[in-house]
Amino acid sequence: PFRAVSYACSTEDSIYLSDTHASGTVQYTHTLLSTHKLNRFQFSSLYQDSFKNAGGSLVAWEEDVGNFSCTTKFVDINDIPFKIVTCLRAYKKLPQLYDFQLRAATLHNNHQGIITHLTLSGVSAQNATLFTKQYLESIQWKK
């Protein structure tokens with residue numbers, strides 16, 4: 001009753017900071033969900049579930065990183081409303097570096113939307129913010 005089209009890309013190499021901690025990851029996934037059969041409530045439920053489950057994985061040991069701290073916002077970018085969740089966790093041995101995750105979903109249509117997930121590891125908080133701004137501004141909706 002719905003269609004999902006996904007595109008994913010990631011780096012293949014890592015920087016090993018220790019035996020248990022790798023960094024230098026860049027991953028992103030875009031998923032377009034659309035339907036002509038589900039009503040707006042059914043699509044909304046599907047879309048919310050897909051948003052909750054969107055994401056990559058960053059494996060690290062407790063001695064290497066802290067816990068993720070996340071914020072949720074609703075923003076308009078290029079006249080497209082988005083729900084975005086950003087999460088940072090600090091490296092314990094390199095306090096200026098973080099793992100960063102972004103989940104974003106367009107909110108302008110009851111029957112289709114884009115969910116995107118971005119993962120960056122080994123970045124400063126400032127660079128994660130700057131990259132996120134450019135990343136989200138690059139998303140355009142064309143008919």
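Me: Which side chain does Asp49 meet in a salt bridge?

Reply: A salt bridge puts a side-chain nitrogen of Lys or Arg within 4 Å of a carboxyl oxygen of Asp or Glu. Here the side chain of Asp49 meets that of Lys52, at 3.7 Å from N to O. This is a predicted model, where local features need pLDDT of at least 70, side-chain atom pairs count only at 80 or more, and totals for chains, interfaces and linings use all residues. Residues are numbered from 1 along each chain as its sequence is written, and side-chain values use heavy atoms, without hydrogens or water.

Me: Is Lys52 buried or exposed?

Reply: Buried means under 20% relative accessible area, exposed over 50%, partly exposed in between (1.4 Å probe, protein chains only). Lys52 is exposed, at 57%. Asp49 is partly exposed, at 37%.

Me: How many salt bridges are there in the whole structure?

Reply: The search finds 4. One of them joins Lys93 to Asp64, with the closest N and O atoms 3.9 Å apart. That pair links distant parts of the chain, 29 residues apart. Lys93 sits in the loop between strand 6 and strand 7, Asp64 in the loop between helix 1 and strand 5. Lys93 is exposed at 61%, whereas Asp64 is buried at 3%.

Me: Which side chain does Glu137 meet in a salt bridge?

Reply: Glu137 meets Lys133, at 2.6 Å from N to O. Glu137 and Lys133 are 4 residues apart in helix 2, so about one helical turn separates them. Glu137 is partly exposed, at 35%.

Conventions. Helices (H or I, at least four residues) and strands (E, at least two) are DSSP runs, numbered from the N terminus.
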